[in-house]
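Here is a quick tour for anyone opening this model for the first time.

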Amino acid sequence: MEAATIAHAGHDDHEHHGPPEANQSSRMDAQTLGMLLFIISELMLFGAFFTAYFFIRIVNHDVWPPGAKLPVDVAAVNTGILLSSSLTMHWALVSAQRGNRWGMKAGMVSTILLGATFLITQINEYVHLGVAPQDNASASVFYSLTGLHGAHVLIGLIMLLTVCIRVFRGHFSPEKHHGMEVPGIYWHFVDGMWILVFTTLYIL
Amino acid sequence: MGEERQSPVKRRDIPVMITIGLVASIVGIAVGLLIDWFPVQGSKQADKIDELWYVLIVVSVPIFVIVCCIVGYSVFRFRQRPGEAGMDGPPIHGSTKLEVVWTAIPAIIIAALVLYAWGVLRDIERAPANAATTEMKVIVTGIQFAWSFEYPGLGPGGKPIQSAQLFVPKGRSVKFLVRSTDVLHDFWVPAWRMKVDAVPGITTGYRVTPTRLGTYPVVCAELCGLGHAFMRQTAHVLTPAVFAAWRAHGGRAAAAAAPAAAGAPTAAIDPQKLFAQGNGQSTACGACHTLAAAGTTGKIGPNLTNTLKPQTVAMIKASILKPQAIITKGYAGGIMPPNFGQTLSPAELDALANYLYKNSR
Amino acid sequence: MTVKLRAPGLYRAFFYTLVGVAFSFGLSVTARLLYHFDPAIDSESILQISMLACPLFFLGGLGAFDYWFYWASGRPTRAEDHSSHGASKWQDYFRINTDHKVIGIQYIVTSFFFMFVGGLMAMLMRAELAAPGRQFVDSNTYNGLFSVHASLLIFLFIIPVFAGIANYVLPLMIGAPDMAFPRLNALSFWMLPLAGALMLGSFLAPGGSFASGWTAYAPLSVDAPIGQSFFTIGVQFAGASSIATALNFLVTIITMRAPGMSFFRMPLLVWANFSTSLLVVIATPFIAASQFMVLLDRALGFNFFDWNQGGNVLMYQHVFWFYSHPAVYIMMLPGFGIISEVLAVKARKPIFGYRMMAFSLLAIVLLGFTVWAHHMFVSGMQSWIRVPMMITTAIIAVPTGIKIFSWLATLWKGVLKMDTPMLFALGFVTMFTLGGISGVMLALVPLDIYVSDTYFIVAHIHYVLFGGSVFTIYAGIYFWFPKMTGRMYDERLGKIHFWTTFVFFNLTFAPMHVIGVQGMPRRVADYAQQFATWNLLISLASFGLGLSALVFLYNMVTSWRGGARAVSNPWRSLTLEWQVSSPPPVFNFDVIPTVVGGPYEYGVPGAVHGVMGGGAEVPRPGVAAVATTAGE
Ligand code: HEA
Ligand code: HEA
Ligand code: CUA
Ligand SMILES: [Cu+2]
């Protein structure tokens, strides 16, 4: 049976009186599993707001789209931007596995830049949408779903930023890049979630 | 671990236990059936629901008794006695046969109950034959904290009748269309058993066929704010002839007679009692207002001992009739019920206004 | 002083909280100036922002985020020095502590504190209800009392106390040195007192505390005064705490079991917490969302529940109950786990049908997600939903019945030690059956149409939550008291506590069935004359129930301070937590034990569950192991 420490990514071995090493009883490590469970929770949070969407748009037949036309084409381009950031994230991770430091740096920086672009475009869309969440229930749903997603992008960006700092400070190696992989999973989730939000709000 | 104990089960135990269980079940069921659980049965629907309840008593008591008997017997027979401190029970790990039994039997009971309840549900909600012509419609509107009733098409010239009291004829199916203009309420006449929430934005409802003459409380059963406990009115079930008379007068004559029917004092009006307790239909003022003279200490509305000083009797009367017209500073509008014009007779209103005037100097 | 203000701890936490107030003030005023709102200084808006910000500042000051900030800043990781682990003096309970045993105690003590506060509110309610008319409080205060009563007892007592008990014993039971994420664990705990402080603090709010029930139905909660926000935001912290703990339990159970502990060798308490945690992780986001929507409607004028603007009022109830029905199982399944432990040990027999016990837990989890609308039978929702929900709801009686009957079969021919934990366990089995049966009655739509929103519901609530959950909590606290404190509790007081509780509990809540069916609505401060006699009786009995809780309190406090020393395994239990000293060593085990058999092999000659002191040699079942009785 493979032993692992209970401690977190970056635990250095040294002499001290400490706990016995915990038995590792599953193939998946704690951090990845924790992130996956957290993502289930997040999915349900979005699910609750999709429930609101369902009740307001389908059951109540409230006006849709809220206010004027939604800028579908801009949002589509924005979708492309966000999705490509998943690719660059993956690139950064693969680089880490191969020990390619330049690839790690470039991958992380471009992921963050793409994510930030997405967020700025989204805020710009809010400003020019011509309808406020206070106007009607559809607008409330529209703003809260996109806003909730935007908040997740922001959290994701902060996580990636810390990873990025560590990358530039020389952390992570082909053997040890957990601290990069786990935020990466979150980032892919945020991207995947956008596809759902985009489809339901803009396309349908 | 410890040594195993000889089974202390005696041969006669099981029959004795079954007997005790049977007796306990029978006594439990008998008591359950004898208790006078419900308020009077006032509708066709009530009958079906009460029957369901009694069936449930018959089914539930034995289940509870079985569990208690086994616990009681185990404590009685299997408890650790002096000198048995180190002993263990037999290592029985399970029995598929038993497990199947106690999965299947509850499943069957549940299936039967659900089917039966489904049948009852359909019965109590079924529309009467040619409902379109025979059924009466009443629009019930809940506001904080009062009900109002509208009878579409019943008034002179096909106009609706408005009423602060509920009047329905006996023996005719009534379809209630329930609405709300502010928060959730719940329209419930316990004697009729049925209830449904009044939901802002949609119309809900149910139908009831009253079968018993008399007056019954109308209760708001969904928490709706400060006055929830006081959101009570009266339903009057009239004979078809009296109802026709009420209808012919556009709902007015009988409405004036209503307080009498509800047993309120007709001769001498006691404004202090009116203030502190209401007249049986009107919400008690003292629930919300402090008034030293009446000994009430409500804090939801203004303290009338002090705030009425600058006002005349007429102004006070106006405040009672149309509370929304002038909102006292520091208080929210829409809390004081706007229906005192209907629940209080004109004489009571005058008495109350004078009383307030006198006692706020 | 400045040193104290800089080092993580309570001083810095309070200091940061003040910074949080200043921050909220600045944010509110700046935003209002930017948008030209008048007046610029709006106390409600400042209060609203403070409620969100100050808890976070407090946690920051306490040091809950220190490690993560450190990590994020990209400095090389420092070695874990375990300085935040364990407790040697009482102050160690008032800081960020990463020891699951310390956190367990923190949880349990905190939640019992809120139990007494919530219970005290029940006493006030009962005093008001002792006679018709107005006694002590006006209807606004009364509505506030039962709302805070229920919210505290649900979100700050039952749910966290189970998390606390499991926090203490679960890692020990599975042979882990700690939880998977000790820092997250500490953070989860510290969110609780904050949530509780918010809910209690609402009594100080202008307009009174939140008063729309623990269900906080829109639109009443949207229009209510600022006190409502204390609930809306308090629940967010309690919910976040719940989710984080559940995640922690799941990861711990999946990744940190001792060698040899397969899923079907786990004690049922572990199974129960596994199931509960699944429920929490999946369902809790829904209550978070429902309160976010209320908050957005309240504070920013969104229209989720504004029917004039296309909003949907019933949507609140769907979202709320999609969490809150599973929540009632979150409040019951860990109790099922406790009862399985207590009954097996105290009846000296293996749990009857262990596998079915585990599977029925999972069945309840699954079914629990399909029944939420049974709380909405009279809500005016689409009527076709009612029958499917009635069917799924009633079916839950089957897996629950399997559990009840398996416990009964476990008793059969056992050697029953009738001490306090066992009494509470048996009290639970009978009282929960009664509460469950009234639940099945409620599941049948026509009956629910009549008794919904009456005292019949209040009776059901307390039979399942008090006769169910609270009895299991008492059983568990007495059962693990020697392990947690290293002292024995006073058995005589324990028995007095049980019997007074059992009798007064029934005298208090059984008559509520009767007045409920007679037509007394719930959530009213005043009622018709016809219910007066019963209510007086109920009120008197409830004061007896309150006094019985004081017996418990006295027993716990005196026994903790001066009880007889406990040996490591006073109950001759097989599970791992009893094989270490009482209280356990700081790091639980010197070497992770190896599990070689099932957890409940009582009566099997020479049976061993786990072998302490390392797994160098794995004995086969049947070969007696010396190590199991370490400490005796
Ligand atoms: C610990 C918490 C807990 C638990 C475990 C339960 C368990 C159950 N509850 Fe309860 N319930 C609440 C807490 C709980 N409930 C609360 C707090 C409310 C009110 C919320 C509010 O409005 O404020 C509520 C309200 C509530 C309602 C809504 C009533 C209304 O507002 O109109 C309904 C309706 O179906 C219901 C049903 C059930 C059922 C069917 C079970 C089942 O799980 C019970 C299953 C158990 C058994 C049946 C006993 C053992 C079984 C046997 C011995 C086998 C044989 C039995 C038979 C064949 C019947 N509950
Ligand atoms: C875990 C859950 C839990 C627990 C343990 C309790 C415990 C008690 N509850 Fe509670 N209750 C709920 C959950 C719970 N309740 C819920 C969910 C509701 C629904 C709320 C809603 O409608 O939104 C409710 C509602 C509710 C009502 C209905 C209110 C209404 O609808 O108008 C009543 C009325 O009697 C009540 C009474 C009691 C009493 C007497 C106790 C007693 O058991 C309390 C005993 C404990 C103590 C008393 C504490 C210890 C003693 C002291 C602190 C010393 C002081 C002692 C004396 C002065 C004698 N509860
Ligand atoms: Cu209206 Cu309660
Ligand atoms: Cu439920």
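## Before the metal site

In what follows, a donor is an N, O or S atom within 2.8 Å of the metal, and water is not among the atoms, so sites may look incomplete. Keep in mind, too, that this is a predicted model.

## The copper ion

Which residues coordinate the copper ion (ligand 4)? They are His325(C), through ND1, plus His374(C) and His375(C), each through NE2, at 1.9 to 2.1 Å. Along the chain, these donors follow the spacing H-x48-H-H. The copper ion (ligand 4) also has a metal neighbor to look for: the iron atom of ligand 1 sits 4.5 Å from it.

Is His374(C) buried or exposed? It counts as buried, because its relative accessibility is 14% and the cut-off for buried is under 20%. His375(C) has a relative accessible area of 29%, so it is partly exposed.

## Around ligand 1

Ligand 1 lies between chains B and C. There are 32 residues around it, and the ones that come nearest are Trp214(C), Tyr329(C), Asp448(C), Ser452(C) and His460(C). Sorted by class, the shell around ligand 1 has 19 nonpolar residues, 11 polar ones and two charged ones.

Some side chains here reach oxygen atoms of the ligand. The side chain of Tyr329(C) has an N or O atom 2.6 Å from an oxygen of ligand 1, and a polar side-chain atom of Asp448(C) is likewise 2.6 Å from an oxygen atom of ligand 1. For Arg522(C), the distance from a polar side-chain atom to an oxygen atom of ligand 1 is 2.9 Å. As for the elements, those of chain C that give two or more residues to this shell are helix H11 (313-330), helix H15 (397-411), helix H16 (420-443) and helix H18 (455-485). H16(C) provides the largest share, with seven residues.

## Around ligand 2

How many residues surround ligand 2? The count is 35, and the closest are Arg126(C), Tyr142(C), His149(C), His462(C) and Arg523(C). This shell splits into 26 nonpolar, six polar and three charged residues.

In chain C, at least two residues of the shell around ligand 2 come from each of helix H5 (100-129), helix H6 (139-173), H18, helix H19 (491-518) and helix H20 (532-562).

## A covered strand in chain B

Now hop over to chain B and find strand E10 (residues 232-238). It is mostly covered, with six of its seven residues buried.

E10(B) pairs with two strands you can pick out. Strand E4 (residues 166-169) of chain B runs parallel to E10(B), over four bridges, and Val168(B) has Val237(B) as its bridge partner in E10(B). Strand E9 (residues 214-220) of chain B runs antiparallel to E10(B), joined by six bridges. In that pairing, Val218(B) stands opposite Gln233(B) in E10(B). As a rule, side chains in a regular strand alternate between the two faces of the sheet.

Note on methods
Residues are numbered from 1 along each chain as its sequence is written. Chains are lettered from A and ligands numbered from 1 in the order in which they are written. This is a predicted model: local features need pLDDT of at least 70, side-chain atom pairs count only at pLDDT 80 or more; totals for chains, interfaces and linings use all residues. Side-chain values use heavy atoms; hydrogens and water are left out. A residue is near a molecule or strand if one of its heavy atoms lies within 4 Å of it. A polar contact is a pair of N or O atoms within 3.5 Å; within protein, one must be able to donate a hydrogen and the other to accept it, and residues adjacent in sequence count only if both atoms are side-chain atoms. Ala, Val, Leu, Ile, Met, Phe, Trp, Tyr, Cys and Pro count as nonpolar, Asp, Glu, Lys and Arg as charged, and the others, Gly among them, as polar. Donors are N, O and S atoms within 2.8 Å of the metal (3.2 Å for Na, K and Ca); water is not among the atoms, so sites may look incomplete. Buried means under 20% relative accessible area, exposed over 50%, partly exposed in between (1.4 Å probe, protein chains only). Two strands pair if DSSP finds at least two bridges between them.
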